[in-house]
Amino acid sequence: MSINPRLFSFVGGAEGPWRSVESRAIRGESLAEIKRLQIVPGEVVVPEAKWVLQGVTSNERYVTRPEKDLLVAKQEGLNRPEATRAVLIPIQKSPAWWALTQDERREIFETQSQHTRIGLEYLPAVARKLHHCRDLTGEQPFDFLTWFEFAPEATPAYDKLLARLRASVEWSYVEREVEIRLVRE
Ligand code: HEM
């Protein structure tokens, strides 16, 4: 069977280039503490891992053409040598969120919460990658795996970004959120 090239496994355990420096539950249940994290393409079985989270990159759901053009003009990719800090934030949204229609979700996501408008202020310092978990075959503990990379000096700005998004209406639909801060070594 061919492997979906958009599928990635986040393996938390004792191996990998990213060392965990802090892990905490923002809302709901936490994840087991890990020493290191590796991101592996495809599906992997790592018996000694504390946990493995899977997600697929996908097409965009909410951005408009003008927003997309702004994002593409400003955003930078992952793996920049100076971006030695990373944060993995797995998120689960509520059944109420998933019961909404696409236009209702867009209204909350952008019109009320200005997720993209706020996020754009933090580009290009913060690079990001969004993985979706809901439509994978096995049951998944989260709906999204969000991944961010930045240079150490961008940490205060990143913290501010988190505070602003978490204060938004969109976040009232977040039921579980874990924040894992990492350093590349
Ligand atoms: C670095 C600045 C950021 C930018 C520019 C940004 C931009 C975006 C955009 C454009 C989307 C929508 C993609 C689509 O159309 O489907 C999105 C989705 C999302 N972002 Fe952000 N974001 C940023 C930071 C964050 C942070 C810090 C978090 C987590 C704490 C986060 C969590 C999410 C989640 C969970 C989704 C999926 C929402 C859903 O489909 O319900 N983002 N982001």
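These are my entries, from the whole chain down to single residues.

**Entry 1: the overall layout.** First a reminder to myself: I am looking at a predicted model. I looked up the secondary structure and found five helices and eight strands in the protein chain. Written out in sequence order, the pattern is β-β-β-β-α-β-α-α-α-β-β-α-β. The radius of gyration is 16 Å, close to the 16 Å that the globule rule gives for 185 residues, so the chain is as compact as a globular protein of that length. I also checked the extent of the C-alpha trace, which spans about 45 × 40 × 35 Å along its principal axes.

Entry 2: How much of the chain counts as buried? I get 22% of the 185 residues. Then I turned to contacts with a separation of 6 or more: 77% of them are between residues 24 or more positions apart.

**Entry 3: strand pairing.** I followed strand 3, residues 36–41, to see what it pairs with. Strand 1 (residues 7–13) pairs with strand 3 in the antiparallel sense, over six bridges. One detail I noted there is that Phe-8 has Pro-41 of strand 3 as its bridge partner. Strand 2, residues 18–27, also pairs with strand 3 in the antiparallel sense, over two bridges. Here I wrote down Arg-19, whose bridge partner in strand 3 is Arg-36.

**Entry 4: around the ligand.** Which residues are closest to the ligand? I count 21 residues surrounding the ligand, and the closest are Glu-60, Arg-61, Tyr-62, Gly-119 and Val-126. The elements that give two or more residues to this shell are strand 5 (85–93), helix 4 (115–120), strand 6 (127–132), strand 7 (144–150) and helix 5 (155–166). Helix 4 gives the largest share, four residues. By residue type, I sorted the shell into 14 nonpolar, four polar and three charged.

Entry 5: I picked Asp-103, which lies in helix 3, residues 102–112. Is Asp-103 buried or exposed? It has 7 C-beta neighbours inside 10 Å, and a residue with 12 or fewer counts as exposed, so Asp-103 is exposed. I then looked at Asp-103 together with Leu-120, 17 residues apart along the chain. Their C-alpha atoms are separated by 21 Å.

Notes. Residues are numbered from 1 along each chain as its sequence is written. This is a predicted model: local features need pLDDT of at least 70, side-chain atom pairs count only at pLDDT 80 or more; totals for chains, interfaces and linings use all residues. The radius of gyration is taken over C-alpha atoms; the globule rule is 2.2 Å times the number of residues to the power 0.38. A residue is buried if 20 or more other C-beta atoms lie within 10 Å of its own, exposed if 12 or fewer, and partly exposed in between; C-beta atoms are placed from the backbone. Two residues are in contact if their C-beta atoms, placed from the backbone, lie within 7 Å. A residue is near a molecule or strand if its C-beta atom, placed from the backbone, lies within 6 Å of it. Ala, Val, Leu, Ile, Met, Phe, Trp, Tyr, Cys and Pro count as nonpolar, Asp, Glu, Lys and Arg as charged, and the others, Gly among them, as polar. Two strands pair if DSSP finds at least two bridges between them.
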